[in-house]
Amino acid sequence: NKVAMEQLGASYATMTAKGFKTADTTTYLNAMIQELGKTGSKSDKQLRATTGKTFSQLMEEGKNLAEVLEILEGSAKKSGESLGDMFSSSTAKSAALTLLSDGF
């Protein structure tokens, strides 16, 4: 899963500004990125259904984390779910919700 360093830096800045400790931020972001890229995960299935592409393919195309999360959020809402429902891990869910909470 190729996520640009600038995107990771922005993610760290957002989460630490919202009160997450740096070490915890690493854990949360890792869980979210791993789940986004894991074949067969709910978020993977939703991305494929919505875009026809995997997380890695979207990253290689130049999408950023915020755009991918916004795609997932929009798709989830259409099916009566929330962005948090796209993640099975509570840490991944927390990272995604925190990053989009103020328009990451």
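Helix axes are here lines fitted to C-alpha atoms over the stretch in contact, and angles run from 0 to 180 degrees between N-to-C directions. Helices themselves are DSSP runs (H or I, at least four residues), numbered from the N terminus. The model is a predicted one, in which local features need pLDDT of at least 70 and side-chain atom pairs count only at pLDDT 80 or more, while totals for chains, interfaces and linings use all residues. Residues are numbered from 1 along each chain as its sequence is written, and side-chain values use heavy atoms, with hydrogens and water left out.

Confidence comes first. The mean pLDDT (the predictor's confidence in each residue, from 0 to 100) of the chain is 92, and 96% of the residues score at least 70.

Two packed helices are described by the angle between their axes and the distance between the axes. The axes of helix H2 (residues 22-37) and helix H6 (residues 90-100) come within 7 Å and cross at roughly 100°. H2 is therefore roughly perpendicular to H6, a label given to angles of 65 to 115 degrees (under 35 is roughly parallel, over 145 roughly antiparallel and the rest oblique). Contact, meaning heavy atoms within 4.5 Å, is made on the H2 side by Tyr28, Leu29, Ala31, Met32 and Glu35, and on the H6 side by Thr91, Ala92, Ser94, Ala95, Ala96 and Leu99. By class, this contact has 8 nonpolar, 2 polar and 1 charged residues; Ala, Val, Leu, Ile, Met, Phe, Trp, Tyr, Cys and Pro count as nonpolar, Asp, Glu, Lys and Arg as charged, and the others, Gly among them, as polar.

H1 also meets H6: their axes come within 10 Å and cross at roughly 90°, so H1 is roughly perpendicular to H6. Here Ser11, Thr14 and Met15 of H1 touch H6 through Ala95, Thr98 and Leu99. The contact of H1 with H6 has 3 nonpolar, 3 polar and no charged residues.

Which residues of H6 are buried? They are Ala92, Ala95, Ala96, Thr98, Leu99 and Leu100, where buried means under 20% relative accessible area, exposed over 50% and partly exposed in between (1.4 Å probe, protein chains only). Their cover includes H1, H2 and helix H5 (65-78). Leu97, also in H6, is partly exposed, with a relative accessible area of 37%. Not counting residues up to four places away in sequence, Leu97 touches Leu83 and Gly84. Its C-alpha atom is separated by 8.9 Å from that of Leu69, 28 residues apart along the chain.

Back in H2, Thr25 is buried, with a relative accessible area of 0%. Leaving aside neighbours within four places in sequence, Thr25 is in contact with Tyr12, Met15, Thr16 and Phe20. Gln34, likewise placed in H2, is partly exposed at 44% relative accessibility. Between Gln34 and Ala92 there are 8.5 Å, C-alpha to C-alpha, although they are 58 residues apart in sequence.

The structure holds 1 aromatic pair, formed by Phe20 and Tyr28, with 5.2 Å centre to centre and 70° between the planes. The geometry is edge-to-face: rings of Phe, Tyr and Trp (its six-membered ring) pair if their centres lie within 6.5 Å, and planes over 60 degrees apart count as edge-to-face, under 30 as stacked and the rest as tilted. Tyr28 is partly exposed, with a relative accessible area of 22%.

Note on methods:
Helices (H or I, at least four residues) and strands (E, at least two) are DSSP runs, numbered from the N terminus.
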